Amino acid sequence: MIVYIDLIFFVNLLIDASLLLTTAWLRKLSFKWWRIIFSASIGAMYVLMMFLPALSFMFTFLVKFLFSVVMLWTAFGFPSLQAYSRNLGAFYIVNFVAAGGILGFHYMLQDAGEVWNGIWYMASGGMTFTLSISMVFILVSFGIVLFWFRSMMNNRKNVERVAASLAEVEVQIEGIKVACIGLIDTGNQLTDPLSRLPVMVMEANMWSDFLPDSWKGKLGGEHADNLIMEWMEVESFSWRDRLRLVPYRGFNRGTQFMIAIKPDQCVIQVGEQQIVSTKVLIGLDGGTLSSEGKYQAIIHPSLTEVEVTDH
């Protein structure tokens, strides 16, 4: 068997550096590249020790753990015992995810014959498994696993960020109440230029039972100024005097218009606080605000800054 020590060192250097960088990303740690490379070199040198029979005593749990302690200390220092313990825990989580993903890919791509060929029996009757994975497979699957892990963590953070900004919304018009979940969007600065009232955007289908039948399927495609004139001519529509036409600038588009309704009041439940506002417009959006259906309204941030009313 021919063993290329330099190749083994380089592969393990690359893997250890990737694990350290992922740990830094997960813990939001600042780092210096030379410390990452030096720390990864320590890990890569440890792997080379397996080819020296005289150092076989070093392949024990305690020595492996001490090497990981030294690697983390070298890469990120020792800010405090609590912070260092969390760094170490994150480092092991990343290692276990990467190792488990590589083994998972390996066995997923094997057929039944390959699995059985990797099983052999000892003289005592015990059964053990032979694991043979190429360097190329390790690098490719390692990169896929880390990419997947980071994508999942980013998605989780986005979900948590959205969940922290959700609030219960109830809009009241002439005794009619429409309730939904709204997203408090600090980037939403849409206001009516005439009355200066903030606009809370809601999915129009939340109001489908109370709007004229002619609106269906038109809010998403027809010009709002044409549609509002059509609604004004519907004598049976009692909310004609509440209608407003609010201009806004769409993404990569010029000025557009949105139909809005003036409610009697809007109640927003943020945690344990209930906020009641009468100075607001409800903009009607013909589409879906959340692709996952987590919220049906976008709350203007100023609506959460008014005086709080207790239950």
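**Exercise 1.** Work out how exposed Y92 is, then find its ring partner and say how the two rings sit.

*Solution.* Start with the ground rules: this is a predicted model, where local features need pLDDT of at least 70, side-chain atom pairs count only at pLDDT 80 or more, and totals for chains, interfaces and linings use all residues. Residues are numbered from 1 along each chain as its sequence is written, and side-chain values use heavy atoms, with hydrogens and water left out.

Step 1: Y92 has 23% relative accessibility, so it counts as partly exposed (buried is under 20%, exposed over 50%, partly exposed in between; 1.4 Å probe, protein chains only).

Step 2: the whole structure holds 9 aromatic pairs. Rings of Phe, Tyr and Trp (its six-membered ring) pair if their centres lie within 6.5 Å; planes under 30 degrees apart are stacked, over 60 edge-to-face, the rest tilted.

Step 3: F65 and Y92 have ring centres 6.4 Å apart and planes at 15°, so they're stacked. F65, F91 and Y92 form one aromatic cluster.

**Exercise 2.** Describe the pair W73 and F78.

*Solution.* Step 1: the centres are 5.1 Å apart with 25° between the planes, which makes the pair stacked.

Step 1: W73, at 48% relative accessibility, is partly exposed, and F78, at 38%, is partly exposed too.

**Exercise 3.** Find the mean pLDDT of the protein chain.

*Solution.* pLDDT is the predictor's confidence in each residue, from 0 to 100. The chain's mean is 76, and 67% of its residues reach 70 or more.
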